[in-house]
Amino acid sequence: MATPRVLIPMSNYGHDPTETAVPYTAFKRAGFEVVFATENGKTPACDKKMLEGITQKLLGATKSAVEAYNEMAKTQEFQAPLSWTLPGFSMDSYNLVFLPGGHEKSVRQLIDSDIIHKHLAAYFPTTQKPSPKTVAAVCHGVMVLSETNGEDGKSVIHECVTTALPTRFEQAAFWGTRAFLGDYYKTYGAGSDNVEESVRKRLDNPEKQFKSSLRLNPFVVQDEKYNYISARFPADAQLLAEQTIALVQGSMSPS
């Protein structure tokens with residue numbers, strides 16, 4: 001089997017460190033080649049509130065996740081990402097496109113990018129099974145897909161089963177921290193749709209297709225038609241990484 005190639009597109013700032021570094025570390029240990037990409041090739045940085053200070057201790061990344069992030073941040077691939085706006089940029093050569101989440105408002109750079117939407121609109125249909133290509137997303141990363149329209153004007157995941165950050169989790173974080181963090185936990189500001197609501201609106205049959213769990217134990221959802229796998233929040237990151245690795249390896253193995 002050829003070495004699997006992974007692309008992790010990121011905003012310049014704001015992604016969740018656990019949802020980025022834990023999968024990255026697992027991909028590297030599995031022998032995958034990992035490439036990062038930002039809008040203009042700028043070195044990204046994850047959300048500092050999740051990495052340091054009282055917000056990290058109360059709400060943020062665990063010590064092991066912080067260590068994984070610090071190690072990832074030193075690597076050549078993280079320090080020198082590709083630029084997704086360059087004319088020659090393409091997702092086609094990658095076996096996996098991984099979309100990390102994060103609620104800091106700067107992640108809208110990725111979620112709202114017309115250029116990323118264009119690339120994903122071309123890439124996602126190629127993950128229909130059997131295929132050596134896979135897409136994985138967690139939390140707000142699922143919104144990058146739900147906001148990407150295909151040729152039919154529908155979201156590229158309109159017929160998929162998926163999960164994303166549950167409304168109850170998002171609302172609990174927002175209301176529980178509003179007194180001292182304002183609308184920090186609302187990526188598009190107070191009063192905007194929750195992630196779950198945003199994703200459900202783009203599905204053909206949200207009652208059947210949107211899968212969720214309010215339990216804190218890891219939860220991951222795989223689609224049956226496409227090599228597409230999704231998760232809810234940081235606590236799912238390790239399981240998401242493990243199942244994504246298995247999916248990629250299985251899809252690339254000779255039948």
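A salt bridge is defined here as a side-chain nitrogen of Lys or Arg within 4 Å of a carboxyl oxygen of Asp or Glu. By this criterion, eleven salt bridges are found in the whole structure. The model is predicted: local features need pLDDT of at least 70, side-chain atom pairs count only at pLDDT 80 or more, and totals for chains, interfaces and linings use all residues. Residues are numbered from 1 along each chain as its sequence is written, and side-chain values use heavy atoms, with hydrogens and water left out.

Glu-77 and Lys-28 pair through their side chains at 3.2 Å, N to O. This pair links distant parts of the chain, 49 residues apart, with Glu-77 in helix α4 (residues 76-79) and Lys-28 in helix α1 (residues 17-29); helices are DSSP runs of H or I, at least four residues, numbered from the N terminus. Relative accessible area (1.4 Å probe, protein chains only) defines residues as buried under 20%, exposed over 50% and partly exposed in between. Glu-77 is therefore buried, at 19%, whereas Lys-28, at 36%, counts as partly exposed.

A further salt bridge joins Glu-71 to Lys-74, with the closest N and O atoms 3.3 Å apart. Glu-71 is partly exposed because its relative accessible area is 48%, while Lys-74 is exposed at 62%. In the bridge between Glu-207 and Arg-200, the closest N and O atoms are 2.4 Å apart. Glu-207 is exposed, with a relative accessible area of 62%. A network of salt bridges links Glu-196, Arg-200 and Glu-207.

Technical notes
Helices (H or I, at least four residues) and strands (E, at least two) are DSSP runs, numbered from the N terminus.
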